[in-house]
Amino acid sequence: MPDTRTRTRTLVRSPGLLVSYAVLVFALLAAVAPGLFTDQDPIAGVPAERLRGPGAAHLFGTDETGRDVFARVVHGAALSLWATLLAVLVSLVAGSALGLLAGFRGGWLDSLVMRFVDVLQAVPSILLSLALVTALGFGTTNVAIAVGVSNLAVFARLMRSEVLRVRTGVFVEAARASGVRWRGVLGRHVLPNSLGPVLVLATVTLGVAVLEVSALSFLGFGATPPTPEWGSLVAGGRGFLATAWWMTTFPGLTVAAVVLATNRVSRALDERGEA
Amino acid sequence: MTRRLLQAVAVIWAAFTLSFVILYLLPGDAALNRLGAAEGGITATPAEVAAVRAEYGLDDPLVVQYGKRLWAATHGDFGKSVMTGDDATGLVFDALPSTLEIAAAGLVLAVLFGGGLAVLGTYTRHRWLGNLLLSLPPLGVSLPQFWVGLVLIQIFSFQLRLLPALGTDGFAALILPGITIGLPTGAIIGQVLAKSLRTQLAEPYVEIVLAKGASRARVHFGHALRNAALPALTLVGVVAGNLLAGTVVTETLFSRDGIGRLTAFAVNSQDIPVVQAVIVLSAFFFVTINLVVDLIYPLLDPRLAGRVTRKAVAAGA
Amino acid sequence: MVTRPVRTLGFGALALVLLTGCGAQATAGGGGDAGTPRVGGTLRLGISSNPDCVDPQQWGTNASLNVSRQLVDSLTDQDPADGAIKPWLAERWEVNADSTAFTFHLRDGATFSDGTPVDAAAVKASFDGARALGPKAALVAGYLAAYRGSTVVDPRTVRIDFTAPSAQFLQASSTMTLGVLAPAAYNKTPEQRCQGDGLIGSGPFVFESYKQNQQVVLVKRKGYNWGSPLWKHTGEAYLDRVEYRIVPEPGVRSGSLASGQLDAITDVQPVDEPQFAGNGFTEPVRPNPGIVFNLTANTTRGVLTDPKVRQAVAKGVNRQEVVDTVLTKNYKAATSVLGSATPLHTDLAGLLAYDPAGAGALLDAAGWRPGPDGIRVKDGQRLSAAVVFSAVFNQNQSALELIQQQLRKIGFDLRIELKTTAESTQIQLSGEYDFIWFNVTRADPDILRQTYSTKAGNRSKLTAGNPLDAALEKQAATTDRAVREPAAAEAQRIIVEQGYSIPVFELTQVWGLGPKAHALEFEASSRLRLYDAWVAE
């Protein structure tokens, strides 16, 4: 485990990573306290100032009803990040639980769980999400759950292979030999050791989830306006690409920045894990 | 091998069953969709709705409906689309060529660009150029696909007027949809190939070959790339499935027919025969690809293969 | 105007301009009126959604009807200007006193594209065939609800009988929905006809091919010479070929038009409208006739049982603000439950003025007092109702959100519930809604009877024998305008006054025409008519 000093040194040597952390911190701050960044109203617009380009008064311009796009992006952080986190949590918790069960118990249970996971992967994820959203009803939370379910197979697979790897490890064998019960081994040795790669996958999935939520918005299954959410901001502004490019470009770049940042951070976590 | 085949059949059966269950959990049914599709809402009386339900066998007990469908499906018959009355299998096979076209175009472009970036990025002696090239693939997976497609259309079709935004005539009509659908896949290929190239270049044999007087290019392309390409190629098989997922967005943007459009419409209207035909087809693809990958695995370094698949699946999810 | 081969334009066009109030573009678009029509060429037309089925008798969506109108002829034609019924396949007709028997005398010489004549037997076969489609053909089911049967009087005379007065049938006989298909068409299954197989009509264009989600191709019918007198020329259509390209993404549709990859498009979105005003582009516009987008109240549910509450909601909706904010000037605020392009529409703008003070007064009088969150309360009950809608029209959601904000100002809480098609259909069947949001296109006031009569749709859940039923039955019983007009006016007034329906805005068709495309026309139901259309070189 690198100590604080080496970690700081890594950061300084890699400005990209530093910027990535900064982007994520800003995104989180915007989610928690949007008032820090803007005092404009994200919901009520000023019709007289509709479709203004980016400038001093409106950093990202205004939309078709005169709402400040920057304010909408900032206020959208909370819902977007919540949706993404929820999606990842669903995948992480349900997928890991399945993988853990399969890898740890083995036998017929393993076969059953893994065949189920096969099925989830065999059904195209977009189809699964579409069907789930239709079943659960429209809205961001439901979209997040649908995206989460459609991604959980990967977590189950990874968790299972990690458990299998750790399970045969020397320390687990030793613990078993010294009479520790399975549950103890699971909690104390297997879980902590297999969690690393799974968490890396979770950070990668964060980026994937943002994009999937936005794709569903594009197909008409997204957040319900006027509540701003990044995916639906990009999707909703696309009709204006020719006439008011800022409406979709700035939210799009925000999404890109956050996804890139999580990618970079997850790569750093991965490399540290492997080192 | 028999065991693997049986498992494959079981997966297809389970996909069939799962789609049946999900579609029945949705509120309403295909008959309501069919009758309520008109502007202004439904005009039929409850008795008429019941008659239409009966016509499509939607009033049978669930178990009976399921049994009938399963039996017919084993004979390759998924029934008729409730919305259009067409044979569901026929609809899928009508839509398939168009989807395969853009998927193939996307895959070729993905391999060319993803591979090209990885090779150039690791080959160049200019550190900044390498960093720049290698930072492009992550960018590729961080932009919403529909947004990329719209920007491409806006620039190359509407502003520069170089390529068509719609239509299916000729090779030119495949370029923009190919880029749109291939972008995320190309980005994954680029990332994985760059990583395994770096790993290869750090191997001791590189020093030895160089010491023997081989040129840098020869080491890079002749040895490292050959060794690194294998896992990336396995990856291509896996991401081919991901390409199919991108079709609904790409087909909508470029006004093309295809599996994605067909599926989205069928799910929306709870057109069970069509949805099941699509699902069984894609499950069939999935298990076939997996069987092939399983057969190829032993031919590769097992350690490497295991790791690459995990990464590929993670990145492409 | 002078150079165009005009037959029946004159007063009709002028009247339409006055009626729709949207300028000279309303009747004919494309490069203005300049130029002589050119024979030949291909029109590339971008449409917004897959027609799914191209048989006019089976399918009722705009996308489908815009295609199928070109393939079939109807017994009669309807003048978009004043709603008058004109000859087409039928030279003349008689209606009996209680509107239960319609006798049509067919013109000579019309043939289907398979060469067989359009005679009385063919008309009978077509009407019987249409009726046999059952409830799945929703529009036919409405038009022929009381259909008893058809009788071949002689080869050129056919009588159509009904079991109940059906004045609306005369208008229905002008729609593509009751367009006449050749007897051979019914040798094919309805599913085959949906895909164009065996879809044999006598119209100015002939079906060539249909690729789902991609395009429909029609070609000119050789030797066509039996068009409606309302059309501007005689003989064959000008266009050799029409390619309907299905382009679902609005930005791609408008961009393709602007960059010359398409000649014309339908469903121009409000955001794209400014692009096609000028620069050689034109923008034909016409509101749909029929029931406007409205909140129809279920009068048996919750706070909506009280007429004062419904009336207050009607006063609390600022229609003009809805049009100005989420739509464009091409759209019109509703002036009745029927759109202004509907025959026998009555202007009730006075009843539909924005009057928040009046709404407040009504609610005060009914005992509703402002609660802590601004929403009024009475006996512990909140002044709140839900509206069910599905996303059939793009701006529905934005419009309802704005109405929600407007009603909040008078202390009324409108909850917006977006549903899938199946779910909203189910809700509508069960009657478990407060408000439903919808529109229906129909160029005849009888649509009110189909929607609000206790013997038909009864969307407001009224009890039988109410004054509205009487008015609706009266207009259904006669084709005599002098009797029908006051009855239809009475029905509209009752619906609006009682707040059974709160009309908001008129659905409007907005097309974009490139510099080459000319004379794409609206027929009476605001659907596409391509007979007179032509493309410049």
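Me: A residue is buried if 20 or more other C-beta atoms, placed from the backbone, lie within 10 Å of its own; 12 or fewer makes it exposed, and anything in between partly exposed. What share of the 537 residues of chain C counts as buried?

Reply: This is a predicted model: local features need pLDDT of at least 70, side-chain atom pairs count only at pLDDT 80 or more, and totals for chains, interfaces and linings use all residues. Residues are numbered from 1 along each chain as its sequence is written, while chains are lettered from A and ligands numbered from 1 in the order in which they are written. Of the 537 residues of chain C, the buried share is 58%.

Me: Which residues touch the most other members of the largest nonpolar core?

Reply: A nonpolar core is a set of buried Ala, Val, Leu, Ile, Met, Phe, Trp, Tyr and Cys residues joined through C-beta atoms within 7 Å. The largest has 253 residues, and helix α3 (residues 69-105) of chain A gives the largest share, 17 residues. The residues touching the most other members are Ala15(B) and Ala283(B).

Me: Which residues of chain A does Ala15(B) touch?

Reply: Contact means C-beta atoms, placed from the backbone, within 7 Å. Residues up to four places away in sequence are not counted. Within chain B, Ala15(B) touches Ile279(B), Val280(B) and Ala283(B). In chain A, the partners are Val119(A), Ala122(A) and Val123(A).

Me: How many residues of chain C are in contact with chain B?

Reply: Chain B supplies 44 residues. Its α2 (30-36), α3 (46-55), α7 (145-159) and α11 (247-253) each give at least two residues to that side. The number on chain C is 46.

Me: How far apart are the end C-alpha atoms over residues 132-158 of chain B?

Reply: An unreviewed UniProt entry marks 132-158 as one of the "transmembrane region" stretches of chain B; such annotations may be inferred rather than shown by experiment. The stretch is 85% helix and 0% strand. Its end C-alpha atoms are apart by 29 Å.

Terms used. Helices (H or I, at least four residues) and strands (E, at least two) are DSSP runs, numbered from the N terminus. Two residues are in contact if their C-beta atoms, placed from the backbone, lie within 7 Å.
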